Each structure stands twice: as C-alpha cells, then as structure tokens.
Amino acid sequence: MSLKSGIGKKDTKMRIRAFPVTMDERYVNSIWELLKNAIQEIQKKNNGGLSFEELYRNAYTMVLHKHGEMLYKGLRHVVTDHLVIKVRTSVIMSLNNNFLQTLNQAWNDHQTSMVMIRDILMYMDRVYVQQNNVDNVYNLGLMIFRDQVLHHGQIKDHLQQTLLDMVMCERKGEVVDRGAVKNACQMLMVLGIDSRTVYEEDFERPFLHQSAEFFRLESQKFLGENSASVYIKKVEARINEEAERAAHYLDKSTVNPIIGVVEKELICKHMKTIVEMENSGVIHMLKNHKTEDLACMYKLLKRVDGGLEAMSQCVSSYLREQGKALVTESEDVDTKNPINYVQNLLDLKDRFDHFLHESFGDDMKFKQVISSDFEYFLNLNLKSPEYLSLFIDDKLKKGVKGLTEQEVELVLDKTMVLFRFLQEKDVFERYYKQHLAKRLLLNKSVSDDSEKNMISKLKTECGCQFTSKLEGMFKDMTVSNTTMEEFKNHIQAMGSNLSGVDLYVRVLTTGFWPTQASSPKCTIPTTPRQAFEIFKRFYLAKHSGRQLTLQPQLGSADLNATFFGSKKEDGATSTLNKTSSGPRKHIIQVSTYQMCILMLFNQRDKLSYEEIQTETDIGEKDLIRMLQSLALGKLTQRILVKEPKCKEIEPTHIFSVNDQFTSKLHRVKIQAVVAKGESDPERKETRCKVDEDRKHEIEAAIVRIMKARKRMQHNVLVTEVTQQLKSRFLPSPVIIKKRIEGLIEREYLARTPEDRKVYTYVA
C-alpha cells in the first residue's frame, strides 16, 4: 500500500539555518554578564539556582563566535578580583589567628569553585585554549591563587615560618596539627603544576636548611653527653622519625633529602669521632665483645660514603695491634710455646669471624681486611710455619685428651685457615714432613684416617706437588709392613731367632723422608747390630742396586730390664733389709740412642759422660738430651743415677743404674726431652736448606715460562715467576734476578743485543 504526499518535492528538503556570522555587541556583553554573575555566585557558594546547561551553552556561543579571548580575559579578571579582594584579605587578617586553617579553607574553596567553572567553560578549554596555547581554566585559577594569595609577601613568609615552626615543635616533643601541615604541603605541590618548584622554593629548601642547623647543634649535644653506642641509637631513632614525618605529612619526595641531611650532619661530619670515641668507640666494642653495638654502628655507617672505610680501618688497626702482640718475640711463655702461640691466633680468628658474621653481615670489605691483617702479622714471625706444624703435630698425636675425632677435625680446619695466610708454605712443608715422620715412625699418630685427611686438606689447598712426598711416606709404611712379614717368614725358614732380638725395620725412600744426608754416628750394640745385618742381607738380596743406611735418630727399642733393689751394706738395720724386695722386672720403652747408652751398663756399673760418649759415638747435643731423660726426667722414669746431683751434665759426671727404680707399670715409657721447636742453629740450618730448595724452584719456574714465551722483558718475567710461586713462597725480585743471571751463565737464557733487559730462551 502506498501513500502519496500532497506536498511538493521542494518542500521535502531539510534546510539548516546558519548561525549569524556576527553577533550583536550588546548581546555578547549580556552573555558575558550572565556568565560573570554565575562565576561570582559559584565563588560565593551560591550555585544552587544556576542552570549549568544554560551557562555551558552561553560560553559555547561566545567561543564559537570568536569571543573566546574576551571570555578568557574576563575569567582571569573575575578570579583575580575575588582572590585579591576577598580571599587574600581574609587570609591576611588571620595571620595571628587560625592562619593555616583559614588558608587551607580558602584553598579548598578555590579548588572546588575552579572545578565548577572549568565544567562551564569546557568548550573554551577544548577550542580557544588549544588554539592559542594558553593555560587551561583550572591551571589559570591555580596560577592566580599562587601569585595573588600564596606569594603575597606577608602570606608567603608567614606560611613558610608557620610550617617550619610546627615541624620544630614536633621535633621537641610537642603535639601539632599534622593534618593542617599535610594540606599545606599538598597545596604547594599542586600549585607547582606538574613540578616541585613551588613546594621546593616555598618550603623544602628552607626546611632542609633549618634542619641542617638543628641537627648540627643536636649532634654536638649528643656527642658531648653520650657514649658511641647511645649516640648511634639516637641517630637511628632520628632517621626513622624524620623519614616517618616526611612520608606522613610532608611530601614523600622529601624523605630522601631530609634523611640525607640527617646522615650528613649526624654521621658524615662525626664519623671519625664516633669510630674512635674513647671508652665507647669501635675498639672499646671489640675489646668488650659488644656485638650488637658493632652491628648498629655498621648499619649506620653503611648509609654514608666512606663510613665503612673509616670503621674497617679502625677494626684493622686494632686487629693488627692484637696480632702483633701475639706473634712478636718476647719473654712471654705463650710466644715461645708453639701450641699456645697458634691457639691464641685461632682464638683471635674465631673472635673476629664472630664479629664478621654477627656484626658486619659477612661484608666482603671486612672479610678482606681481616684476612689481609692476619696474613700481615702471621708472617712477621719467621717461626710461624714451624709453630703451625707443631700445633698440628700436637693434635694428631696419640693421647690428646679431651678431644673427639670431630673436635680434632674442626681444629685442623681452623689451622688450614691460618695455613692459607702463610707466605712461606714451603717452610711449613719441610717442618710438617719432619713431624709426620716422627709420628709415623714412633707410632704416635692418633689414626691413619686423621693423617690422610690432613694431607687431603693440604692437597686441596696446594696441589699434588705439595703432598706427593707426604703420600710417599705413607706408601713406605705400607710396603715396610709387607717386607717385615716376608722377613719373619724368612727367619722362621732359616730357624734363627736373631739372638733373642725381635727386629722391626722400616725402609724409608730417601727422597720422601726428612732423613739426614749423612747418617748420624752411633755405635749400635753387637746383638741388635748383627740382627740388622741379617735383615740387610735379606733385603738387598731381594732389591739389588739399593743401599740401606741405618738412621738411629728415628728408631726405638723395648728392653727387658731387671732391677735388683738397694744393695745390703754393713751396719744396715733389719728395716733396710725389709725394704729391699727381690729383683723387679720391667720392659723399658726407649729410643735407639737410649738403648745404646743403657746396654753399656750390662758390662759396667758406673760410667762417666766422657766414657759413654766414647763408647756410643753419639753426638754431644743428642747424648745430653738422652742422659737428661734417663737420669733427670720424672721420678718414675729415672733409670740412671747421676753424681753429682745437679741439672747440668759435665764430662766428668758419673752415671750408674738406679737399682731402686720402681714403677706401678710393667711397661715403662721413657719420655725423651724434646725441644718444643728447633734451636736457633737448627732453625738456621733448616732455613739454609729451604733457601737451597727455593733456588731450584725459582730456576724451574723461569725455564718453564721462558720455554713457553721464548722472549720476555725482565719485569714481566719477574711478575710471572712471583705469580707462579706465590702459592708456596714469595720470592724477592733480587733473588729472581740472581737466578736469571745464573741461568744466563749456564746458557739456558740469553740477553738480546738491542735491549739487555729482554731475555730469550736458548733451546
């Protein structure tokens, strides 16, 4: 079905009537007056009867007809008048009464009115503001408030002073209106319009300046009245308080600057004073084990540049002073007793490791300081390698009471830490070899497992080369056990009993053991000597081309001894006869030297020192030590009697068997008089041997490097040689130079013609 309209075609077209291009000036003025009145009503909070739709349309009309500039300027004028005449006046009047509250109220009212005005003039923001690149309505309002109210001379200064005074009052413990301060700070941040400039200039900068002055005076007061530990706690409390204040009611961006001021005034400027404070500084804390106080100081000084440096220097100077006191030669018993010497160093290390872990949070800087200090003072005393080896020797010997295997293991782990600090590891190796040899040969090791465990620690630390000889010593002991089994079978097959001697021989490889190049002199008694000759023939028959040399200084013997009691003399009473019980038999455990001395008394009742020396051919130093242990040792071990009865031994002194010797034990072990450590001449001899070994090691390193590089400059070669050898010892550049010259003489190296400081390898 269709309907035909009776209206003509031309009447069906839609016609849009264009806005008049120009508007009557009176009409524009009337619109502006309408908008102006509305703005003023909004500012007076009388906006209830306003039609925002109508106002928006009027503003739209003005902008559309190119009267945006008039609207924009008119707005600026109205807002400025309101702020100057009404707001600024009321704020100035409140300077001495409710100033902050009045200002905050004026600010809040202004913000609210500007939001409403912005909504009415939204089209102007979108068109006129964009086209003319001017500030939008809301920002314009902020800028007028800033310039006409906030930055008015009296208001600006009074606001700044009020805020500073309130913060200062709170620092002194008074209660202030935090909300008012927070609102003022937020206002300053908003008025910066996307920058901190207003907040920074009007408040933050003077606030930081005032705070610096306050803390400067406070630091002097704190330092004058408190110890270091109390001062640290007060500073920490101050930092937390200032950070909390800035975060809660100042702007959060002030947290770091104010903490920086506190740190500078209370920590940076007084670092040295705090650290070195007498009777309470770092040294006092270290001396009195104030672990928590040290931790607080570490935490505080870590906040500032150079803080940990100052603290670590103080720790270092104290540690070096303590360490030097322990290692410096003095009459003190502890520096002469190797066990106490090393134990004191271990105790010191434990103390500072505790501080490192509990107070310094395992800080790498402090770890390095402690390590370098220990390396410094441990190497001040040339006896340190020997004493460390003696300490380990003491722990690995049988009969160490009160220590379980786990405890021994723990002590050995600690000694390895000291071992790492030794620069002369080759000297330690020489002594360790000597002490290990005695433990193995005299059967004094607490256990093979402990020994091998220690060698494995040394191997991990220094490599196979360091421990190859020590491992060779263990191999010799195992081979010797097998050899003795074969020898016993051989004796049984021969039907010999070696004249009653039960012989046990350990065959030692010359390169592995610290045996002397020339065997010490000693005349072995006939019976044991003959038994040894039988073994020697048996061994050399099996191993042709080898040589066996007796090492009497390393041997031991068990002697069957009979003591006949006191001899009956004329006029002796019956009481004396009763005391002389029958012969007493004991097994005496002695060294080979002591055996040689004691067996002389089977032929003679009395012998002078000179006669004993002639008969046995034992060196003077060893002979005196043996006679001291036999005649001047513990009462329960005095096998011989000396005339006259004094501690010194002279050539004419007479020795005889102590027939009145008694002991509850059937098997009596005679303890040899052992010097704790070497005597000075022995030490000098050891040092010479070490120096001789070092020459070869340095030369080997030089040849190795030159063979690989072919051509090298002198200083570079010295550096590389030092680098290669520092795990064993630190060679001096002078000695390296001498060894280079030695190699040039022997034509392993040559100088280049053009530069005498450059060497080439001669293939």
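Predicted model: local features only at pLDDT ≥ 70, side-chain atom pairs only at ≥ 80, totals over all residues.
1. Start with α17 and α18. Helix α17 covers residues 338-358 and helix α18 covers residues 364-378. Their axes sit 10 Å apart, and the packing angle is about 165 degrees. Angles over 145 degrees count as roughly antiparallel, so α17 is roughly antiparallel to α18. If you look at the handedness, α17 passes α18 in a right-handed crossing.

2. Which residues make that contact? From α17 you have Y341, L345, L348, K349, F352 and L356, and from α18 you have F366, K367, I370, F374, F377 and L378. Sorted by class, the residues where α17 meets α18 come out as ten nonpolar, two charged and no polar.

3. Next, α9 and α10. Helix α10 takes in residues 228-248, and its axis comes within 11 Å of that of α9, with a crossing at roughly 160 degrees. This pair is therefore roughly antiparallel too: α9 against α10. The crossing of α9 past α10 is right-handed.

4. The residues involved on the α9 side are F207, F214, F215, E218, S219, F222 and L223, and they meet Y231, K234, R238 and E242 in α10. By class, this contact of α9 with α10 has six nonpolar residues, four charged and one polar.

5. R171 is worth a click while you are in that area. This arginine lies in helix α7, residues 153-171. Is R171 buried or exposed? Its relative accessibility is 7%, and the cut-off for buried is under 20%, so R171 counts as buried. The side chains of R171 and E242 are joined by a polar contact of 2.8 Å. Setting aside neighbours within four places in sequence, R171 is in contact with F207, Q210, S211, F214, F215, R238, E241, E242, R245 and I258.

6. Two loop residues have backbone angles to look at. K66 is not a glycine, yet has a positive phi of about 65 degrees. You'll find K66 in the loop between α2 (52-64) and α3 (68-93). With 72% relative accessibility, K66 counts as exposed.

7. The other one is I193, again not a glycine, with a positive phi of about 45 degrees. I193 has its place in the loop between α8 (178-191) and α9 (197-225). At 22% relative accessibility, I193 counts as partly exposed.

8. V590 has a relative accessible area of 5%, so it is buried. What does V590 touch, not counting residues up to four places away in sequence? The partners are S556, A557, L559, M595, L598 and I670. As for I612, it is 22 residues from V590 in sequence, and the two are 17 Å apart in space, C-alpha to C-alpha.

9. Last, Q492, which is found in helix α23, residues 464-494. Its relative accessibility is 63%, so Q492 counts as exposed. How far apart are the C-alpha atoms of Q492 and E358? They are separated by 67 Å, for two residues 134 apart along the chain.

Methods: Residues numbered from 1 in each chain as written. Heavy atoms only, no water. Axes fitted to C-alpha atoms, helices over the stretch in contact; angles between N-to-C directions. Helix = DSSP H or I, 4+ residues; strand = E, 2+ residues; numbered from the N terminus. Parallel < 35°, antiparallel > 145°, perpendicular 65-115°, else oblique. Left-handed = near helix turned anticlockwise from the far one by under 90°. Contact = heavy atoms within 4.5 Å. Nonpolar A, V, L, I, M, F, W, Y, C, P; charged D, E, K, R; others polar. Buried < 20%, exposed > 50% of the residue type's maximum accessible area, 1.4 Å probe, protein only. Polar contact = N/O pair within 3.5 Å; in protein donor to acceptor, adjacent residues only side chain to side chain.
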